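Okay, thanks for making time for this one.

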Amino acid sequence: MAKAQPLRKSEFVTLMALLTSLPALSIDSMLPAMQQIGTDFKVISPAEIQLVVAAQFFGFGFGQLILGPLSDVFGRKPPIYAGLGIFILGSIMSGAALNYDVFILGRFLQGFGGAAPRIIALALIRDQFSGNAMAQITSLVMTIFILVPALAPTLGQGVLLFSGWRAIFFVLFLVGVITWIWFGLRQPETLAKKARKRLTIRQFASGVYETFSQKTTVSCMIVSGLVFGIFIGYLGAVQEIFAKLFNKGDQFPLYFGILALSIGSASFFNSRLVMALGMRRLILIALLWMSVLSNLFVLYLTQFQQGIPPFWLFMAYMMLNFFSVGFLFGNLNALAMVPLGHIAGLGSAILGFVQSTISVIIGISLGRFFHDGIVPLVVSFSTVGLICIFIFFLTGQFEETLRRQTR
């Protein structure tokens with residue numbers, strides 16, 4: 001049998017972008033349907049509504065921890081097959097669920113399964129490219145990936161125009177099946193059998209110990225979990241914020257997309273600035289910007305604004321604030337991995353699991369307060385920003401940056 005040939009660059013980039021985008025697509029496409037889902041399942045509690053988003057992120061954390069390392073043991077393709085199959089099963093369960101518990105279980109499975117293509121796609125790229133070529137491919141994939149949060153709510157809104165919210169999960173089911181077939185038929189295995197590794201309990205325990213013994217990794221893990229926790233809470237409440245507080249339900253996909261692109265634009269600028277300024281300095285600037293901006297907006301909301309602020313002002317604050325968030329995610333993950341180069345695969349899986357667990361706990365705890373007003377959301381950003389700065393100073397992450405600044 002002839003060996004499968006590597007894909008052309010354009011097809012490979014498109015396929016990798018589709019694999020990495022599945023979790024984001026399955027989260028953002030159903031945001032316009034949050035109110036309908038809550039009504040159909042008679043869910044009133046904001047904490048329960050938050051589970052629609054949080055359950056998927058929780059599953060994503062577990063999927064990284066379990067399916068990610070298996071790609072070094074069995075090759076790249078089998079864990080992706082398994083992940084896509086679980087994602088498809090979760091889509092069916094959520095779309096056909098007759099009660100809320102089954103629906104949430106389906107969301108968990110979507111996250112669990114979607115973790116495999118999202119994480120292992122990066123390994124597929126690393127197997128076939130290196131140096132500048134790898135950077136080019138990764139940049140092209142991320143460029144397409146950034147567009148998904150901006151466009152996915154429009155897809156969900158479009159489906160709702162012709163059918164109910166369950167049809168969104170039928171679309172996700174079709175996307176999962178198409179991706180599985182395309183990936184299976186066209187993408188060759190990239191990890192040779194002789195290059196595969198055994199993963200023992202001792203190695204796993206050693207990896208956990210090594211990860212948690214690094215101050216830089218632990219501090220980045222906690223900080224990114226706190227920041228992303230607010231983001232999860234925001235995703236669980238954002239449709240209601242636009243529809244209920246600002247009466248912008250029909251334009252929700254447009255405004256959500258604008259805010260998503262502000263994060264993407266920050267990622268673009270970060271790629272240009274990180275070599276000159278360094279990760280730690282950019283993280284400090286972003287956290288200071290988030291804290292100062294949010295505290296000033298809290299002062300305005302509590303002292304000068306009666307009721308809900310003007311929509312344009314809310315959008316301006318969110319765009320500027322999300323711009324700082326865009327600098328945080330990539331730099332925090334990259335900095336966390338610096339001490340873990342010798343256990344990169346296992347270390348990234350542990351890192352992703354802990355980040356997701358922290359963020360889900362924070363997201364559910366804070367997100368239930370975001371449904372009825374703007375102040376809790378802004379206070380969360382201002383408070384978490386200050387806490388994160390304190391954590392980084394406490395662990396000495398900014399000392400080198402400050403020493404260079406004063407020379």
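Before we start, one definition: I say a charge sits over a ring if NZ of Lys or CZ of Arg is within 6 Å of the ring centre and within 35 degrees of the ring normal. And keep in mind that this is a predicted model.

With that in hand, go to Lys 248: its charged end sits over the ring of Phe 311, 5.2 Å from the ring centre. There's another case at Lys 77, where the charged end sits over the ring of Phe 183, at 5.4 Å from its centre.

Staying with rings for a moment. How many aromatic pairs does the structure hold? The count is 33. One I'd like you to look at is Phe 57 with Phe 228, which is edge-to-face, with 5.1 Å centre to centre and 80° between the planes. This pair links distant parts of the chain: Phe 57 is in helix H3, residues 46–74, while Phe 228 is in helix H9, residues 215–245, and the two are 171 residues apart. As for cover, Phe 57 counts as buried at 10% relative accessibility, whereas Phe 228 is partly exposed at 23%.

General point: side chains of opposite charge can pair when their charged atoms come close. In this model there are five salt bridges. Take Glu 11 and Arg 186, whose side chains meet at 2.9 Å, N to O. Glu 11 lies in helix H1 (residues 9–28) and Arg 186 in helix H7 (residues 166–186), so this bridge ties together parts that are 175 residues apart in sequence. Glu 11 counts as buried, with 12% relative accessibility, and Arg 186 as partly exposed, with 40%.

Which residues are linked in a network of salt bridges? They're Asp 72, Arg 76 and Asp 127. Arg 76 meets Asp 72 at 2.8 Å, N to O, and Arg 76 also meets Asp 127, at 2.7 Å, N to O.

While we're in helix H5, residues 100–128, have a look at Gln 110. Gln 110 counts as buried, at 0% relative accessibility, and its side chain is joined to that of Arg 107 by a polar contact of 2.9 Å.

Phe 268, Phe 269, Leu 273, Leu 277 and Ile 285 make a nonpolar surface patch of about 430 Å². Helix H10, residues 252–277, gives the largest share of that patch, four residues. Phe 269 lies in H10 and counts as partly exposed, at 41% relative accessibility.

Last stop, backbone angles. Lys 42 has a positive phi of about 55°, although it is not a glycine. You'll find Lys 42 in the loop between helix H2 (34–40) and H3, and at 70% relative accessibility it counts as exposed. Asn 247 isn't a glycine either, and there too phi is positive, about 55°. Asn 247 is in the loop between H9 and H10, and counts as exposed at 65%.

Terms used
Residues numbered from 1 in each chain as written. Heavy atoms only, no water. Phe/Tyr/Trp six-rings, centres within 6.5 Å; stacked < 30°, edge-to-face > 60°. Buried < 20%, exposed > 50% of the residue type's maximum accessible area, 1.4 Å probe, protein only. Patch = residues over 30% accessible without salt bridge, like charges linked within 9 Å, V, L, I, M, F, W, Y side chains within 5 Å. Areas by Shrake-Rupley, 256 points an atom, 1.4 Å probe, with all protein chains shown as cover. Salt bridge = Lys/Arg side-chain N within 4 Å of Asp/Glu carboxyl O. Polar contact = N/O pair within 3.5 Å; in protein donor to acceptor, adjacent residues only side chain to side chain.
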